[in-house]
Amino acid sequence: MRCVNRVDCSWSRPSEAYRIIPSGGHLSSGFHQCPLSSLSFRSSFVCCSSSTSGPSDSNPESSSNLSYSRRWQNPLPRRRHPDQIPSSRIARDWIDSDTTPVSQASERFTVVSYNILGDGNSSYHRDLYSNVSVPYLKWGYRKRLICEELIRLNPDIICMQEVDKYFDLFSMMEKAGYAGSYKRRTGDNIDGCAMFWKADRFRVLERENIEFSQFGMRDNVAQLAVLELRKSNKSRKILLGNIHVLYNPNQGDVKLGQVRSLCSKAHLLSKKWGDIPIVLCGDFNSTPKSPLYNFLASSELNVMEHDKKELSGQKNCRPTKVLETGSKSSNTITFSSWTKEEIRVATGQENSYWAAHPLKLNSSYASVKGSANTRDSVGEPLATSYHSKFLGTVDYLWYSDGLLPARVLDTLPIDVLCKTKGLPCQELGSDHLALVSEFVFEPDG
């Protein structure tokens, strides 16, 4: 389904809250039993999935706070061929921060960032999934894995990328008490970004969508939303950002410009609401140790010191190359010339080589120490995405002052990923892993 004039959409008719019953039980409040997904989490967890588009609501606050209840009829088939039954023994562990102070439960919230692999992209880029059995690429199979993972994880906030079947997701997530918002990419693209939040925990105060095509930065989009905790001793607000950065490694100027613009707009909206803390989720299509990653972490970058085709670090992440070199970066340095227009797009200025953003950001995964089996030398996951042409990390959860990561759901060791021969697989519904972090408000924040 296509939206006229590419408008974004938001629906929010949350049903009552639900609870998780151990295996074999039922989900309460009208959410009938779904066979719980494959992934086993040693502290609870699973995977997520995708979208389409529709009309936009003019009053997000009024629509997102409507409440109703109805009996949910399970749209998924009750009988399936054994090959189509999700079953997994892949475990992911929660890792607690050893520096974050204990806080009241009401002051904590959990955020998921998940590129769910658009149904259209899985078909159009079939060469990336040459090792994946066809049944595991089917949207119906992957949707079940993704939604069951999210329901079992029970996060407060979900940010998705590559969503081209939004209504499929929304119809299931609203029964679990979530409200949602969607922004489709511009141009002829059919996927976009989607946010879901628990309607009984958060109210929406303001939303803003970013169409990068308006700034000459391709058809990618991003979402911003100001959310307020409904039940809190203080007026707790956060600014949530969701982005899927352009993939093309050769267009580092556009990738840098998109990230810079998101940070600048997030800063303005945060200040408007009293310098509220920020969480930025997404597929940033850049690897740890890359110039683009360092730009997010340090807030500035001299573009003339880098080849624009190497800003994202993606070219060194072919699976064979990663496994042979142990994820070591190439020492070869090449430079391609920057045009005046590329410099303007990257930096936002006509006569400056410096790109800058006004935020002070940290990565939740890099902030919570993990093991050498799953983390690289800067503390980021060794891999958040795996298919026949890529093995590495491009997904992040960034946060600003005012918040601290209490724990994160660890990713998978490389050897475990390699046993799948490529994602998605029987146990995982996307070619990306869901990143999950629980945040706590700083005591004086």
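Colleague: Is Asn154 buried, partly exposed or exposed?
Modeller: In this predicted model, Asn154 counts as partly exposed because its relative accessibility is 29%, which falls between the cut-offs of 20% and 50%.

Colleague: Where is Asn154 found?
Modeller: Asn154 sits in the loop between α3 (139–153) and β6 (157–163).

Colleague: What is the phi of Asn154?
Modeller: Asn154 is not a glycine, yet its phi is positive, at about 60 degrees. Most residues other than glycine have a negative phi.

Colleague: And Glu162, what is its phi?
Modeller: The phi of Glu162 is near 60 degrees, again a positive value in a residue other than glycine. Glu162 belongs to strand β6.

Colleague: Is Glu162 buried or exposed?
Modeller: Glu162 is buried, because its relative accessible area of 9% is under the 20% cut-off.

Colleague: Turning to the backbone, which peptide bond is cis?
Modeller: The bond from Leu423 to Pro424 is cis, and its omega is near 0 degrees. Most peptide bonds are trans. Pro424 lies in the loop between α10 (414–419) and β20 (435–441).

Colleague: How many cavities of 30 Å³ or more does a search of the whole structure find?
Modeller: The search finds one. The largest cavity has a volume of about 30 Å³.

Colleague: Which residues line the largest cavity?
Modeller: The lining consists of Leu128, Tyr129, Ser130, Asn131, Val132, His387, Ser388, Lys421, Gly422 and Leu423. Leu423 also takes part in the cis bond to Pro424.

Colleague: How many residues of that lining are nonpolar, polar and charged?
Modeller: Four are nonpolar, five are polar and one is charged.

Note on methods. Residues numbered from 1 in each chain as written. Predicted model: local features only at pLDDT ≥ 70, side-chain atom pairs only at ≥ 80, totals over all residues. Heavy atoms only, no water. Helix = DSSP H or I, 4+ residues; strand = E, 2+ residues; numbered from the N terminus. Buried < 20%, exposed > 50% of the residue type's maximum accessible area, 1.4 Å probe, protein only. 1 Å grid on protein atoms, 1.4 Å probe; cavity = no way out; pocket = protein on both sides within 12 Å on 5 of 7 lines; lining within 4 Å. Points joined across faces, edges and corners; volume = space filled by probe spheres on them. Nonpolar A, V, L, I, M, F, W, Y, C, P; charged D, E, K, R; others polar.
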